[in-house]
Amino acid sequence: MTSQTTIDTTGSGDKTPLALSDQAPAKGLRGHPWFTLITVAVGVMMVALDGTIVAIANPAIQKDLGASFADVQWITNGYFLALAVTLITAGKLGDRFGHRQTFLIGVVGFAAASGAIGLSDSIALVVTFRVFQGLFGALLMPAALGLLRATFPAEKLNMAIGIWGMVIGASTAGGPILGGLLVQHVSWQSVFFINVPVGVIALVLGVLILTDHRAKNAPRSFDILGIALLSAAMFCLVWALIKAPTWGWGDGLTWTFLGASVLGFALFALWEKRVKEPLIPLALFRSVPLSAGVVLMVLMAIAFLGGLFFVTCYLQNVHGMSPVDAGLHLLPLTGMMIVGSPLAGALITKVGPRIPLAGGMALTAISMYGMSTLDTGTSSGVMSIWFAGLGLGLAPVMVGATEVIVGNAPMELSGVAGGLQQAAMQIGGSLGTAVLGAVMASKVDGDLAGNWADAKLPPLTPAQLDQASEAVQVGAAPVTKDTPAAIAAQITDVAHDTFISGMSLACLVAAGVAVVAVFVAMLTKRGDNAEAAGAGAGHI
């Protein structure tokens, strides 16, 4: 059976028919939708875990390899840069060569790079192979969405994306717990070695189960200049966001890279209008629901990932929890995402995405407001209420925004759409960390000197005040070993109170972003091209 629809994929005004390659109904394991979901979930789990699990291993890596703090930052930044910059191009590769092949290459490469990190004996090698992890992870993530879009029929796609989102949410939130256990009881290398058997399982399942569903009018050429311009623009944007906290938002370097990013995106848009087979047909963005879905994913990531950074600092540095205990305290968030994602998928299938998305962002705004009221004496029970509300609010957004983006794109661009979805989330997370970090830094810088003086603590020089401010911004108390116990207690109280005031303001800003996202959600609707999904799927 062949399903057809039309869309202008070149921007020229001509509409070309979209047809999935004729395929026989799936029999047995091969091409079975639910087994396909299990397979891609195993692969995606590796990438999602690595987004948070490695942060727990960084101190042990720093100590074992004698790395500097800047070196350790590159363990995260190198991975993030490679992933964010190449996601859309990687999605295009899947559209061109098939999502099955791209997924399998991504799985093998990610697992191999993970094993290589575990065998590395220098920080330079660790950072190098983290970059490779990011590159192969970029191949894997959009391909997973492309496979789901092609395998599941429209009426089951939201449920599949719901379970896919559940896996990502559980893996992301479970990373600190698993990482803490592995580092504490095995070694930092085990954090990376664990990906090798997981990768082998995903590879075996992929070879046995996955089938290629390629559109007949899939892209036949590469927009090399478009790839270069987009990659350069993305690099400059992400690099500026990563370095802004260090350079300062008013620094010339920060604005140079932001300006270069804007120029790169402008040149990319101009070129995409001229090239015969563009990397991203700009006609895609004529779809208001698709554009709203991308914006919504960015806003959600700003509120969630930006706010979550300060919450982990709050749990570990203010409440003195270990990484494992902090992860356990976030289980209400994880649990609600696990429970809420498939339920959200079923609800979106029934009523469409608009109401669940708006309701989810409203609940996210309320929860972020609640988190702005946390203080040094807040009980675990009160924390759990707000964490659970956040997880329940995010679940329909993770599912619904993904379906809106992927479902409103034509089948032959499902990989690019998957790349857009992931890139929007990565950029939103980076924006959230940078912008909310700037809010936190500004609040701490403004309050710390006054709070310090009010406590009648020994005065600080400007240089000492800057050092103290940097520590307080992550909830740490700037106490030296020879500080008398009574003064150390006073410094700790001042540091924690000042941090709380900064975190409260950051959470309020995140809540405001979530409120804006409620109105963006009202522009979404069910995917116009969803009927093309699942052609050839014989049994569900």
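Is Ser-367 buried or exposed? Here are a few notes on this predicted model, starting with that residue.

1. Ser-367 is buried, because its relative accessible area is 2%, and the cut-off for buried is under 20%. Its place is in helix α13, which covers residues 354-371.

2. Have a look at what surrounds this serine. The side chain of Ser-367 reaches the backbone oxygen of Gly-389 at 3.5 Å. Setting aside neighbours within four places in sequence, Ser-367 is in contact with Gly-389, Leu-390 and Trp-386.

3. Helix α8 is worth a moment too. Its 24 residues, 224-247, reach 32 Å from the first C-alpha to the last, close to the 34 Å expected at 1.5 Å a residue. Even so, α8 bends by about 30° at Leu-241, and Pro-245 follows within four residues. Just after α8 comes Gly-248, with a positive phi of about 100°.

4. On to the packing. The largest nonpolar core holds 123 residues, and Phe-103, Trp-164, Leu-296, Met-300, Tyr-314, Phe-499 and Met-503 have the most contacts inside it. Helix α10 (residues 288-318) gives the largest share of this core, with 19 residues. Another core, of 15 residues, lies apart from it, and includes Ile-75, Ile-123, Val-126 and Val-127.

Definitions and conventions. Residues are numbered from 1 along each chain as its sequence is written. This is a predicted model: local features need pLDDT of at least 70, side-chain atom pairs count only at pLDDT 80 or more; totals for chains, interfaces and linings use all residues. Side-chain values use heavy atoms; hydrogens and water are left out. Helices (H or I, at least four residues) and strands (E, at least two) are DSSP runs, numbered from the N terminus. The expected span of a helix is 1.5 Å times one less than its number of residues. The bend at a residue is the angle between axes fitted to the seven residues ending there and the seven starting there. Buried means under 20% relative accessible area, exposed over 50%, partly exposed in between (1.4 Å probe, protein chains only). A polar contact is a pair of N or O atoms within 3.5 Å; within protein, one must be able to donate a hydrogen and the other to accept it, and residues adjacent in sequence count only if both atoms are side-chain atoms. Contact means heavy atoms within 4.5 Å. A nonpolar core is a set of buried Ala, Val, Leu, Ile, Met, Phe, Trp, Tyr and Cys residues joined through side-chain atoms within 4.5 Å.
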